[in-house]
Amino acid sequence: MFTIQNAIVKRIQRKNKKWVGGVVFPENMPEIFRHRRGGSSAQLEYMDLQVQVNQQIDNLKFYPGTYIYAGPFHQHFGHALTESIHRLWPFKSNISDRIVFAVSLEFNAKLINYTPPQWFIQILEILEIPIDKCIWVRKDCIFEELIIPEPGSELALGPKNWYRSYLEKLQQRIFDATHHLRKELGELKLFLGRDHISLGEYTAGEKYLKNLLVNEGYISFQPENYHVLEQIAYLIGAKKIIFSEGSAIYSLELINYLDADIACIPRRAKNRLYYPHIYSKCRNYIVAGNGYDLLTLGIGRRDNIKKIPINKNPYQLIESLRNYNFASLKDWDEEEFLAQERCDIMTYIYQVHTRFKKIETVHYLELLERYLQLRINRNKIANYENHNSNPIIMKSSRDRLNQLAIINQSSNYLEIGVCQGATFNAINIKNKVAVDPKFKFNINKYANNNIVFLEVNRENFFRNYAKRFEPFQLIYLDDVHTFELTFRDFCASLSFANTNTIWLINNTCPGSYAQAQPSYQNCARLKNFSQEKGGAWMGDVFKVVAAIHDFFPQFSFATFPDHGQTVVWNKWRKDFQPKWNSLETISRLEYLDFVEVQETLFKREPYDQIFEGIKSSLT
């Protein structure tokens with residue numbers, strides 16, 4: 001905990017799409033006590049930047065005594081659960097007088113006689129905190145002594161290991177308080193949908209999926225209709241939970257662990273906010289379908305109108321729920337789903353028109369045109385792609401790795417060659433090991449009991465460190481650009497893998513003779529001589545794929561359509577026949593040899609085809 005004397009606290013205001021405000025922190029305040037979130041990249045986002053006091057300090061209301069700062073309070077269920085309760089763990093009346101919340105209100109909201117929503121009062125009751133112990137800061141004020149606890153969990157970062165013991169005790173209290181209710185409920189299967197919310201707050205067609213799940217014994221559960229304690233009782237009693245991406249699932253912030261399988265139906269690309277909060281709190285967690293396979297449609301350019309998400313390939317979502325045993329969905333009919341989808345689009349247009357009558361008709365027509373074009377294009381390629389799915393596009397290594405992690409439910413990840421950490425720090429896996437002779441970023445920001453950074457060379461790692469860890473389910477080889485060392489890494493990693501392990505090997509498809517040089521100096525010299533512009537240095541890593549082809553028939557492999565990365569997984573290849581049958585011959589291959597086999601050995605395959613092939617092999 002960090003203590004500030006005569007601390008100034010400001011209300012939260014929205015500025016540049018951020019909630020800015022809270023404690024005016026001194027320069028010596030460690031970053032861990034500040035209000036922050038996990039960003040869209042590996043960087044943290046600080047929400048208390050540029051906090052300044054405009055009034056004279058003498059004019060501010062002064063509170064004598066000792067107080068605990070709870071952080072920001074947003075009148076939004078999801079943000080309140082993820083950002084407003086995780087500093088309350090040390091509260092005891094004998095060490096502080098009261099609790100301080102910096103309130104986020106609309107600019108036209110009344111600042112006097114403020115009372116939080118009833119659901120938050122219920123949460124405070126669960127935490128055994130009396131409402132009269134809370135101060136709701138709506139105007140700048142000063143506190144004689146303000147204790148700033150470290151948050152036990154942070155948005156898009158999830159709970160910290162030391163915080164789990166507090167959650168475990170809290171869960172036990174909840175468990176005792178809900179005993180009779182849970183006894184009546186029995187074991188449940190829950191669907192937390194959103195089709196009852198208007199204006200684009202749910203994925204078009206969701207109602208059809210909900211009806212199928214209800215027919216298989218799922219309860220269509222709307223948590224907002226229940227006391228928060230009852231909500232948690234239902235979650236604790238569930239063995240399977242499917243939720244449409246949204247705040248309702250954040251009741252889990254009050255508990256430590258569920259013996260349940262949880263599937264998320266994405267409404268936004270990446271789905272990055274939910275994974276850190278859920279995956280370590282349940283038996284299994286998946287994102288159904290492809291989180292990147294969404295199109296959001298809106299009316300015009302009005303920021304205050306929600307957009308409605310469209311799942312480009314709904315069948316992929318259905319297959320995910322089937323493959324991970326959430327439901328059989330044997331009555332699934334895609335035409336019926338699309339009929340519900342069209343109905344939802346028209347309902348959305350009607351709702352927007354009813355609320356905002358001044359919007360020009362042309363905007364409605366543009367939305368319909370985009371939607372119809374999506375479905376027309378989908379039908380055009382139906383014969384080309386399995387199950388009527390559109391091509392998946394993944395532009396970064398981290399996107400591909402996260403999708404592979406979902407496929408084999410990776411819990412242990414190894415990356416050799418981390419450098420600046422852009423890929424490693426964005427991988428959504430519980431246990432991660434980074435190996436690099438010299439990290440080029442501050443590893444202390446990311447290291448914890450589950451995330452290990454080893455500043456050693458690859459030989460030292462495999463000889464002295466690798467055996468300390470559980471087998472890795474996902475391994476990314478991106479250290480060097482030479483065949484010899486990359487192939488050595490692959491061979492060494494076999495002893496620390498299992499039957500579900502997937503490898504991703506970088507730089508396997510050079511684009512020119514210069515790029516295929518094992519020496520960076522030679523690559524640069526040849527590029528300068530030939531006046532070649534752009535392009536990466538890939539070295540002769542492509543030979544690793546040739547070696548796997550000839551000497552490891554138990555592994556299948558495929559090359560992604562972008563950049564040049566090859567994925568390797570456990571599946572015996574049919575009709576195995578070595579091409580070179582000599583490691584020495586493979587080591588002498590040149591760029592022209594690569595070109596010769598580019599359309600066979602290194603044939604680029606669509607993402608969905610590769611992912612489906614790996615799924616079928618591992619199930």
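The following points concern a predicted model.

1. The structure contains zero disulfides. Two cysteines, taken in turn below, illustrate the distances involved.

2. Cysteine 134. For the sulfur of cysteine 134, the closest cysteine sulfur belongs to cysteine 141 and lies 14 Å away, too far for a bond. A disulfide would require the two sulfur atoms to be within 2.5 Å. Cysteine 134 is also buried, its relative accessible area being 5%.

3. Cysteine 523. Cysteine 523 counts as buried, with a relative accessibility of 2%.

4. Geometry of the helix pair. Helix 12, spanning residues 458-465, packs with helix 13, spanning residues 483-493, at an angle of about 15°, and their axes are 11 Å apart. Angles under 35 degrees count as roughly parallel, and helix 12 and helix 13 are therefore roughly parallel to each other. Their crossing is left-handed.

5. Residues in the contact. Helix 12 contributes Arg458, Glu459 and Phe462, while helix 13 contributes Leu485, Arg488, Asp489, Ala492 and Ser493. Sorted by class, the contact of helix 12 with helix 13 comprises four charged residues, three nonpolar residues and one polar residue.

Note on methods. Residues numbered from 1 in each chain as written. Predicted model: local features only at pLDDT ≥ 70, side-chain atom pairs only at ≥ 80, totals over all residues. Heavy atoms only, no water. Buried < 20%, exposed > 50% of the residue type's maximum accessible area, 1.4 Å probe, protein only. Axes fitted to C-alpha atoms, helices over the stretch in contact; angles between N-to-C directions. Helix = DSSP H or I, 4+ residues; strand = E, 2+ residues; numbered from the N terminus. Parallel < 35°, antiparallel > 145°, perpendicular 65-115°, else oblique. Left-handed = near helix turned anticlockwise from the far one by under 90°. Contact = heavy atoms within 4.5 Å. Nonpolar A, V, L, I, M, F, W, Y, C, P; charged D, E, K, R; others polar.
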